[in-house]
Amino acid sequence: MGEEGTGGTVHLLCLAASSGVPLFCRSSRGGAPARQQLPFSVIGSLNGVHMFGQNLEVQLSSARTENTTVVLLVGLEELTNIRNVERLKKDLRASYCLIDSFLGDSELIGDLTQCVDCVIPPEGTLLQEALSGFAEAADTAFVSLVVSGRVVAATEGWWRLGMPEAVLLPWLVGSLPPQTARDYPVYLPHGSPTIPHRLLMLTLLPSLELCLLCGPSPPLSQLYPQLLERWWQPLLDPLRACLPLGPRALPSGFPLHTDILGLLLLHLELKRCLFTVEPLGNKEPSPEQRRRLLRNFYTLVTSTHFPPEPGSPEKTEDAFHQAQLPRACYLVVGTEEPGSGVRLVALQLGLRRLLLLLSPQSPTHGLRSLATHTLHALTPLL
């Protein structure tokens, strides 16, 4: 998927590979959904280039101009052998909210890290116990509590979901408009790409959803409102305490250094992450700029410094190479004058990787020490 800078337009275009019929086109400008759509003549031209390249065993994946990026995607076996194009177009509309959220300036980062965006609730043990009891009463192993697209708590069955569905499901929940209850059919790309499951979403509080992944049973009427009230009405205060966790990820009062403007903590084995650019209130740069800085820094350190996956190398030469890999790196963005330019530092210890965005006042000689201290403080949480 391609991204343009501020003000640029990104178009996501999905075509049937053999016929060239456009299945959908979604557009984003400056991180927000855009009404401007690609003209049919442009779509036809792109398909002509695609077909020409296909005959030469060359795949066209994207096209760029100065201010525009067009991305072409083709689904699994042309989305499982299209029989009725118009019916498929209608079915794909259910995915538009999710697709638009990927094109926009999301507060989440799981699309980049392929780790589940999580938050840490103040009373996590209490919520986890209630979640397990509710899952048993509802007769499903796959239940989670999601706030603004981030997982607050989940059953063991939910955490065992493979990638990419473990990232996509809470992201989907966060992308949909508010509704009291939903019964939503979903295909799991890894676990069940051809047979839909039911994703039941029950709103406990605004932006706080109880999610169940199940088969034909239970019916939604069995859960709402009787079973819902029985398990969650007594926990209204702990549930309300989850609402501010959307942008902050960490409980109020968690000790963080005042220089920290944003952080990304990843557990590389569990495939979970904590991501926030609002840990201590409003400062410059803006949250949007902070997210962009941390996303770009993550891409840089993952591609150049740190291996993408954890694990112990088996071969001797791999072990030697592993020993040469850095454990920390930092970057100063902006002018080189003292006290100016935000700092970015990355630290990896074992299965955890921490990225910090720090204010210009943070001295470069203390970056590794600050990152180490922060990682040790966050380790019990994830």
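Me: Before we look at single residues, I take buried to mean under 20% relative accessible area, exposed over 50%, and partly exposed in between, with a 1.4 Å probe and protein chains only. Why is Asp 139 called exposed?

Reply: Asp 139 has a relative accessible area of 65%, and since exposed means over 50%, Asp 139 is called exposed. This is a predicted model, in which local features need pLDDT of at least 70, side-chain atom pairs count only at pLDDT 80 or more, and totals for chains, interfaces and linings use all residues. Residues are numbered from 1 along each chain as its sequence is written, and side-chain values use heavy atoms, with hydrogens and water left out.

Me: Where does Asp 139 lie?

Reply: Asp 139 lies in the loop between α6 (124-138) and β7 (142-147), where helices (H or I, at least four residues) and strands (E, at least two) are DSSP runs numbered from the N terminus. Asp 139 also has a positive phi of about 60°, although it is not a glycine. Most residues other than glycine have a negative phi.

Me: What makes Ala 249 buried?

Reply: The relative accessible area of Ala 249 is 0%, and buried means under 20%, so Ala 249 counts as buried. Ala 249 is placed in the loop between α11 (245-248) and β12 (260-267), and its phi is near 75°, a positive value in a residue other than glycine.

Me: Why does Gly 341 count as buried?

Reply: Gly 341 has 12% relative accessibility, and the limit for buried is under 20%, so Gly 341 counts as buried. Gly 341 lies in the loop between β14 (328-333) and β15 (342-349).
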